[in-house]
Amino acid sequence: MGRSHFELLFNQLACQLEDKKTSAPFATNFEMDRLSELANLIAMSSLKEADFEKCERYLKRADRYSRHSMHMLLATHNNWSCYYKKAGNSNMALAHINKAIKLAKQVEQSAKEQNKHTRVKLLGDCYLNLCVVLSTFGEHSEALRYVDMAISRFEGDLEEILHNR
């Protein structure tokens with residue numbers, strides 16, 4: 001199986017970052033974000049193809065590159081949840097989705113304390129993932145509650161998009 005365009009791009013950026021580390025002791029947040037986004041993209045693409053080994057490898061890379069950013073870290077935890085859910089490990093899926101939701105709420109609370117309005121767009125996705133995981137435990141009433149929360153988030157996101165046009 002050949003490497004995808006995204007894998008080649010990821011490896012190229014990662015190599016450039018390693019080369020840069022010899023001359024500068026740190027990477028910019030922008031560089032780390034791009035690597036985290038690419039690693040998450042490749043991981044989820046691999047998961048769709050049921051390539052669990054590759055998915056896990058890239059999620060570990062996403063983890064490493066997302067540690068500086070709560071937004072990137074919550075996306076990575078959300079994706080770990082998807083991985084574990086598909087791998088049949090509902091307990092780990094639940095742990096990761098709860099971490100993602102906690103991070104999303106921290107981001108929003110921190111912004112609120114700074115008088116900024118920040119909606120975490122991924123929170124609706126997290127609620128949907130939590131719904132699926134809760135259903136695997138037979139907790140359908142609780143899962144339905146999170147479906148309602150996800151719908152509410154998506155409606156708010158849509159209103160925000162329409163308002164900003």
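View 1. The expected span is 1.5 Å times one less than the number of residues in the helix. Helices (H or I, at least four residues) and strands (E, at least two) are DSSP runs, numbered from the N terminus. This is a predicted model, in which local features need pLDDT of at least 70 and side-chain atom pairs count only at pLDDT 80 or more, whereas totals for chains, interfaces and linings use all residues. Residues are numbered from 1 along each chain as its sequence is written, and side-chain values use heavy atoms, with hydrogens and water left out. The buried residues of helix 2 are M32, D33, L35, S36, L38, A39, N40, I42, A43, M44, S46 and L47. Here buried means under 20% relative accessible area, exposed over 50%, and partly exposed in between (1.4 Å probe, protein chains only).

**View 2. The chain as a whole.** The secondary structure comes to seven helices and zero strands, and along the sequence the pattern reads α-α-α-α-α-α-α. Of the 165 residues in the chain, 40% are buried. Among contacts with a separation of 6 or more, 60% are between residues 24 or more positions apart. Contact means heavy atoms within 4.5 Å.

View 3. S46 lies in helix 2 and counts as buried because its relative accessibility is 2%. When neighbours within four places in sequence are left aside, S46 is in contact with D51, K54 and C55. In the loop between helix 2 and helix 3 lies A50. Although A50 is not a glycine, its phi is positive, at about 60°. A50 is partly exposed, with a relative accessible area of 44%. Helix 3 covers residues 52–66, and its 15 residues reach 20 Å from the first C-alpha to the last, close to the 21 Å expected at 1.5 Å a residue. Buried positions in helix 3 are K54, C55, Y58, L59, A62, D63, Y65 and S66. The C-alpha atoms of S46 and Y58 are separated by 8.9 Å, with the two residues twelve apart along the chain.

**View 4. Helix 2 against helix 4.** Helix 2 (residues 29–48) and helix 4 (residues 70–87) pack at an angle of about 15°, and their axes are 10 Å apart. Axes are lines fitted to C-alpha atoms, for helices over the stretch in contact, and angles run from 0 to 180 degrees between N-to-C directions. Helix 2 and helix 4 are therefore roughly parallel to each other. Angles under 35 degrees count as roughly parallel, over 145 as roughly antiparallel, 65 to 115 as roughly perpendicular and the rest as oblique. The crossing of these two helices is left-handed, a term used if the near helix is turned anticlockwise from the far one by less than a right angle, with right-handed used if clockwise. From helix 2, D33, S36, E37, N40, M44, L47 and K48 meet M72, A75, T76, N79, C82, Y83 and K86 of helix 4. By class, the residues of this contact are six nonpolar, four polar and four charged. Ala, Val, Leu, Ile, Met, Phe, Trp, Tyr, Cys and Pro count as nonpolar, Asp, Glu, Lys and Arg as charged, and the others, Gly among them, as polar.

**View 5. The surroundings of N78.** N78 lies in helix 4 and is buried, with a relative accessible area of 5%. Apart from neighbours within four places in sequence, N78 is in contact with I97, A100, L122, D125, C126 and N129.

**View 6. Helix 6 against helix 7.** Helix 6 (residues 122–136) and helix 7 (residues 140–163) pack at an angle of about 165°, with their axes 8 Å apart. The two helices are therefore roughly antiparallel to each other, and helix 6 passes helix 7 in a left-handed crossing. Helix 6 contributes L123, G124, D125, Y127, L128, L130, C131, L134 and S135 to the contact, and helix 7 contributes H140, E142, A143, Y146, V147, M149, A150, R153 and F154. The contact of helix 6 with helix 7 has twelve nonpolar, three polar and three charged residues.

**View 7. Helix 7 and its cover.** Helix 7 has 24 residues and reaches 34 Å from its first C-alpha to its last, close to the 34 Å expected at 1.5 Å a residue. A143, Y146, A150, R153, G156 and D157 are the buried residues of helix 7. Their cover includes helix 5 (90–113) and helix 6.
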